[in-house]
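Please open the model in a viewer and keep the selection panel at hand.

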Amino acid sequence: MADRRSSRRSACIALSVGALLLTACSSEKKPEVAYTLPDTLCGAPVGKKTIEPLFPPGSKLTKTGGALDDGRYASGCDYAVDNHKTLLVSSFFHEDKPTARQIAEKRAADYGGGDKKISLGTSGDIALYSRGAVAVAACPGYSPHGGDLPRKSFSVEILAFYPKDLSKSAKSLTQLVQDLVPVVAKANGC
């Protein structure tokens, strides 16, 4: 009789432990975004739905750098979540007319982690690579804030470190560079 009680007790204990383990595993929460997404990227207004896929869960968002609309020959800013690089947004003026593909090929070689695949937007002025997107637009003349350096075009570039696989974020990246081009163009009289 004592053996029966101890085996029942052991079975009850095992069942209780199993139930606790199942409860602990099933109540595991997904990491949350505890910070507020920015309304602007480097001073350019953007939709939160567009940038949401590019920002990871975390508690603290920090930004360094300047605004894209400040009229400088090269400008931009960086975003970090919990001190981890998340998004780099920049604009550069060019004395020649590089294509989006040419710039994306260089960025893919530098930041693509060995993946050098490039895809072009329908107009050809936007290119995507494994870690980001590039848009190119014409802007002839001289930069008012660049020491009278000549310019023929400018590029807007986004380098994203999240998510690890950006293939599902291609639409967001394309929309984002498209939204940033007119802001930079207007600020620089293009």
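**First stop: helix α3**

Select Glu105 and Arg101, which both lie in helix α3 (residues 100–111), 4 residues apart, or about one turn of the helix. Helices (H or I, at least four residues) and strands (E, at least two) are DSSP runs, numbered from the N terminus. The structure is a predicted model, in which local features need pLDDT of at least 70 and side-chain atom pairs count only at pLDDT 80 or more, while totals for chains, interfaces and linings use all residues. Residues are numbered from 1 along each chain as its sequence is written, and side-chain values use heavy atoms, with hydrogens and water left out.

Display the two side chains: Glu105 and Arg101 meet in a salt bridge at 3.4 Å, N to O. The term denotes a side-chain nitrogen of Lys or Arg within 4 Å of a carboxyl oxygen of Asp or Glu. Glu105 is partly exposed, at 39% relative accessibility, and Arg101 is likewise partly exposed, at 34%. Here, buried means under 20% relative accessible area, exposed over 50%, and partly exposed in between (1.4 Å probe, protein chains only).

Next, select Lys106 and Asp110, whose side chains form a salt bridge at 3.2 Å, N to O. This pair is also in helix α3, 4 residues apart and separated by about one helical turn. Lys106 has 47% relative accessibility and counts as partly exposed; Asp110, at 44%, counts as partly exposed too.

Remain in helix α3 and select Ala104. Is Ala104 buried or exposed? Its relative accessibility is 0%, so Ala104 counts as buried. Not counting residues up to four places away in sequence, Ala104 touches Ile118, Ala127, Tyr129 and Val134; contact means heavy atoms within 4.5 Å.

**Second stop: a salt bridge elsewhere**

The structure holds 4 salt bridges. One of them joins the side chains of Lys48 and Asp39 at 3.3 Å, N to O. Lys48 is partly exposed, with 35% relative accessibility, whereas Asp39 is exposed, with 51%.

In soluble globular proteins, nonpolar side chains tend to be buried together. A nonpolar core is a set of buried Ala, Val, Leu, Ile, Met, Phe, Trp, Tyr and Cys residues joined through side-chain atoms within 4.5 Å. The largest such core in this model has 36 residues, and those with the most contacts inside it are Leu41, Leu54, Phe55, Leu87, Phe154, Leu176 and Leu180. To see which elements give two or more residues to this core, colour β4 (74–81), β5 (84–94), β7 (126–129), β8 (132–142), β9 (150–160) and α4 (170–187). Helix α4 provides the largest share, 8 residues.

Then centre the view on Leu180. Leaving aside neighbours within four places in sequence, Leu180 is in contact with Leu41, Ala44, Val46, Leu68, Val89, Val156 and Ile158. A second, separate core has 11 residues and includes Ala104, Ala108, Ala127 and Val136.

Select Arg131, in the loop between β7 and β8. This residue is buried, with a relative accessible area of 13%. Which backbone oxygen does the side chain of Arg131 reach at 2.6 Å? That oxygen belongs to Pro163. The side chain of Arg131 also reaches the backbone oxygen of Lys164, at 2.8 Å. Beyond four places in sequence, the contacts of Arg131 include Tyr111, Gly112, Ile158 and Phe161.

**Final stop: the whole chain**

Zoom out to view the 4 helices and 9 strands of the chain. Read along the sequence, they follow the pattern α-β-β-α-β-β-β-α-β-β-β-β-α. Of the 190 residues, 40% are buried.

Finally, colour the chain by pLDDT, the predictor's confidence in each residue, from 0 to 100. The chain mean is 81, and 80% of the residues reach 70 or more. Over residues 7–28, pLDDT stays under 50, and the model has 0 contacts beyond four places in sequence for them.

Notes: Polar contact = N/O pair within 3.5 Å; in protein donor to acceptor, adjacent residues only side chain to side chain.
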